[in-house]
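Subject: Structure handover

Hello,

Here is the structure for you to take over. My notes on what was found follow below it.

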Amino acid sequence: MTSMVYWLDMAGVIVFALSGVILACRSRMDPFGMLVLAAVTGIGGGTLRDLVLGVRPVFWVADPTYLWVILATVGVSIIGFHYIHRLSRVFLPVADAFGLALFTAIGTHKALQLGTPGAVAVLMGLLTGVAGGMVRDVLARRVPMVLRQEIYATASIAGGITYVVLYALEAPWALTISLALMMTLGLRLAAIYWRLSLPVFAWVEIAPPVSGSDEAGSDKTPAPQARTKARVRMIRQKRVRDKQGSSNE
């Protein structure tokens, strides 16, 4: 099981590092920028997780193989830059979804092995899965995926809860990690394909009711016009897009 966890963790590092390289290419960064984005995406979440849990030394300090894997990923990407740059825009969120699923399961597993409560383990899985991508997007001057309306952090939390529940039920480890991976990956890919999102809260201006026009020749003084009211309402993402589209016309 330890060997399988190690290789799954390494696979997550490769996938996340590749997503960092692709974003660096689209942001027109030099090879050093590609290396920085690949590194923070691949090991950023796990580094914060180990620091919060008090694990010393951090995993990539104890095993520098992670650094060599990131360096190799960037090197191969530079050699095949022409093909990397031409990858479909769908590839980045899909690769990110696989990395999110892998890191969520690994982070939750490591926290449980250290004896943390289930709620803390779920949060550690979430931190492992989203922290590196957040730093990557900030460095690339993009709004992080986890802060958008897309189902991203929710998928990680669902996968972490699945792992914790099955772990508490003493289910076989292969079944536990498989279902946790499927939960996170399935929710995230479904959100990408069907553009599923959580509702958002926004300020909505409510126009006052329009009074009927005065009769011709009426010498009544017109009533003062009512002021618009602002309310906070929960609206769906589709309505947000419609409003944004109409405002751009």
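I start with a loop residue. M145 sits in the loop between α7 (118–139) and α8. The model is a predicted one, so please read every value below as computed from predicted coordinates. With a relative accessibility of 6%, M145 is buried, because the cut-off for that class is under 20%. Leaving out residues up to four places away in sequence, M145 touches P93, D96, R136, D137, Y152 and R188. One of these, D96, is 49 residues from M145 along the chain, and the two C-alpha atoms are 9.9 Å apart.

Overall make-up

The protein has 10 helices and two strands. Of the 249 residues, 40% are buried. Taking contacts between residues at least 6 apart in sequence, 75% join residues that are at least 24 apart.

Helix pair α6 and α9

Helix α6 covers residues 91–113 and helix α9 covers residues 173–194. Their axes are 9 Å apart, and the packing angle is about 145°. The crossing is right-handed. On the α6 side, the contact is made by P93, V94, A97, F98, L100, A101, L102, T104, A105 and H109. On the α9 side, the residues are W173, I177, L181, T184, L185, R188, L189 and I192. Sorted by class, this contact has 14 nonpolar, three polar and one charged residues.

Two of the residues in this contact, P93 and R188, are also among those that M145 touches.

S156

S156 is in helix α8 (residues 153–168). Is S156 buried or exposed? Its relative accessible area is 0%, so S156 counts as buried. Apart from residues up to four places away in sequence, S156 touches L100, T104, G125, L126 and T184. Of these, L100 and T104 belong to the α6 side of the contact described above, and T184 belongs to the α9 side.

Helix pair α1 and α2

Helix α1 (residues 2–26) and helix α2 (residues 31–53) have axes that come within 7 Å and cross at roughly 145°. This crossing is right-handed. From α1, the contact takes in V13, F16, A17, S19, G20, V21, L23, A24 and C25. From α2, the contributors are G33, M34, L37, A38, T41 and G42. The contact of α1 with α2 has 10 nonpolar and five polar residues, and no charged ones.

Cavity

How many cavities of 30 Å³ or more are there? The count is one. The volume of the largest cavity is about 40 Å³. Its lining consists of D9, V13, G42, G46, R49, F59, F103 and T128. By class, the lining has three nonpolar, three polar and two charged residues. Helices α1 and α2 each supply at least two of the lining residues, and α2 gives the most, with three. V13 and G42, which line the cavity, also take part in the contact between α1 and α2.

Backbone points to check

Most residues other than glycine have a negative phi, and most peptide bonds are trans.

- R56 and P57 are joined by a cis peptide bond, with omega about -10°. P57 is in the loop between α2 and α3 (59–62).
- E170 has a positive phi, near 60°, and is not a glycine. E170 lies in the loop between α8 and α9. Its relative accessible area is 72%, so E170 is classed as exposed.
- R195, also not a glycine, has a positive phi of about 55°. R195 is in the loop between α9 and β1 (200–206). At 61% relative accessibility, R195 is exposed, because that class begins over 50%.

Regards

Notes
Residues numbered from 1 in each chain as written. Predicted model: local features only at pLDDT ≥ 70, side-chain atom pairs only at ≥ 80, totals over all residues. Heavy atoms only, no water. Axes fitted to C-alpha atoms, helices over the stretch in contact; angles between N-to-C directions. Helix = DSSP H or I, 4+ residues; strand = E, 2+ residues; numbered from the N terminus. Left-handed = near helix turned anticlockwise from the far one by under 90°. Contact = heavy atoms within 4.5 Å. Nonpolar A, V, L, I, M, F, W, Y, C, P; charged D, E, K, R; others polar. 1 Å grid on protein atoms, 1.4 Å probe; cavity = no way out; pocket = protein on both sides within 12 Å on 5 of 7 lines; lining within 4 Å. Points joined across faces, edges and corners; volume = space filled by probe spheres on them. Buried < 20%, exposed > 50% of the residue type's maximum accessible area, 1.4 Å probe, protein only.
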